[in-house]
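Please consider the structure shown below.

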Amino acid sequence: MPSVRSRGLLVVGILLISATLRPAVSAVGPVLADISADLGLSSSGAALLTSLPVLCFGLLAPFAPRLGRRIGIEATLGAAVAVIAVGQLVRLGPDPLTLFGGTILTGGAVAIANVLVPQLIRRDFHRHVGLMTGVYTSSMTLTSTIAAAATVPIGLGTGLGWRGGLGFWAIPAGLAFVAWLPQMRDRTLPAAVPGAGHSAGRLLRDPLAWAVTIFMGLQSLVFYSTIAWLPSVYRGEGLSPTDAGLLLSVTTLVAIPAGFAVSTFAGRARSQSAAAAAATLLGGVGLVGLTVAPGFQPLLWAVVLGLGQGMTFPLALTMIVLRAGSVETTGRLSAMAQSIGYVLAAAGPFAVGLVHDVVGAWSPAMGLLVLLTGVQVLAGLAAGRPGTVGSGRAR
């Protein structure tokens, strides 16, 4: 059994890794207009830039369990963090090729870590799944908040513009890699439990696995659409780039205590259905506000939206772990939910940008997200029911 010290170092390592997984995405929104103007990106190109990381999350997630089984969970996570740091530097290059190439590198590495961290939590903290999921998601949300608020000021302060703002976030990734080096010596392979695992084919035929996947996908679609375009919505209402970025940071800031509380509660509860439905509806209220009157009390919509979104993401991760039933199945269900879910989610920022491009207004684009929350409620009700994939039995 690991010592208290080694488990403490593992918790710190998970915190630092999680801190690298979202700034690469959330930092782009506040400087998207500047990137587009500097590199000559069209509206469709800007929309693709916001969708590409999420698409990478989906397309490359299935490779994570294979890498974990081949070279070990710890070694794979360490390599992923190193690539995150490199990718964020590559995208600072002089043209769209380096911008998109670095984005693909970063998104692919984040995809691997997205899948393996829940598997690591299931393996080493199976008695504290909700608590550790709350710690993990809170760290991600906090750094996402900081990135959204600080990227523009960092760019201005360094005199390097958007490149200085985005490039800064390679530093935490480098520090996380150094801190994770002691864990990489273990190279622990996932333990195979006879009869405990469910093949990818079996999961694809399992209704509960699909409910978890759809809930994961839709909450991600709404979240990344918000991260990508909320600053633009507010800038369209006359707010400054700094104020728009601060409102985005408010959305992610209020998500931290909400997400930690709900994941801790959900990890102990028999069913997560009510929590998933309530959180989705709360976020839906914020989207309705952005659709009907985005310029009226913008801080209110930012807070309500953040509270709802702050709860749905940790709920999705908690349900992945609780519905899996074993460490091996956790990796496979995590890969399925995140691969299919994030491919679905990648369509969100692109679709929102396209609708705005065609209509010339943000309200119809936000209205599209409102409609999808109804489907997300149904998926959450099904995914939160007690049971494990392949059994349908209550835990």
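Q: In which hand, left-handed or right-handed, does H12 pass H13?
A: H12 passes H13 in a right-handed crossing. A crossing is right-handed if the near helix is turned clockwise from the far one by less than a right angle, and left-handed if anticlockwise. Helices here are DSSP runs of H or I with at least four residues, numbered from the N terminus. The model is predicted: local features need pLDDT of at least 70 and side-chain atom pairs pLDDT 80 or more, while totals for chains, interfaces and linings use all residues. Residues are numbered from 1 along each chain as its sequence is written, and side-chain values use heavy atoms, with hydrogens and water left out.

Q: Why are H12 and H13 called oblique to each other?
A: The axes of H12 and H13 (residues 241-253) come within 8 Å and cross at roughly 135 degrees. Axes are lines fitted to C-alpha atoms, for helices over the stretch in contact, and angles run from 0 to 180 degrees between N-to-C directions. Angles under 35 degrees count as roughly parallel, over 145 as roughly antiparallel, 65 to 115 as roughly perpendicular and the rest as oblique. H12 and H13 are therefore oblique.

Q: What makes up the contact of H12 with H13, by class?
A: The contact has 8 nonpolar, 3 polar and 1 charged residues. Nonpolar covers Ala, Val, Leu, Ile, Met, Phe, Trp, Tyr, Cys and Pro; charged covers Asp, Glu, Lys and Arg; the others, Gly among them, are polar.

Q: Why does H12 count as roughly parallel to H15?
A: The axes of H12 (residues 207-236) and H15 (residues 273-292) come within 12 Å and cross at roughly 25 degrees. That makes H12 roughly parallel to H15. H12 passes H15 in a left-handed crossing. The residues of this contact divide into 7 nonpolar, 1 polar and no charged.

Q: What makes H8 oblique to H16?
A: The axes of H8 (residues 129-158) and H16 (residues 298-324) come within 10 Å and cross at roughly 140 degrees. That makes H8 oblique to H16. The crossing of H8 and H16 is right-handed.

Q: Why is Tyr 224 called buried?
A: Tyr 224 has a relative accessible area of 4%. Buried means under 20%, exposed over 50% and partly exposed in between, with a 1.4 Å probe and protein chains only. Tyr 224 is therefore buried, and so is Tyr 342.

Q: What makes the pair of Tyr 224 and Tyr 342 edge-to-face?
A: The ring centres lie 6.1 Å apart, with 65 degrees between the planes. Rings of Phe, Tyr and Trp (its six-membered ring) pair if their centres lie within 6.5 Å; planes under 30 degrees apart count as stacked, over 60 as edge-to-face and the rest as tilted. Tyr 224 lies in H12 and Tyr 342 in H17 (residues 327-359), so the pair ties together parts that are 118 residues apart in sequence.

Q: Why does Gly 267 count as partly exposed?
A: Gly 267 has 25% relative accessibility, and so counts as partly exposed. Gly 267 is found in H14 (residues 255-268). Leaving out residues up to four places away in sequence, Gly 267 touches Gly 130, Thr 318 and Leu 322.

How values were computed. Helices (H or I, at least four residues) and strands (E, at least two) are DSSP runs, numbered from the N terminus. Contact means heavy atoms within 4.5 Å.
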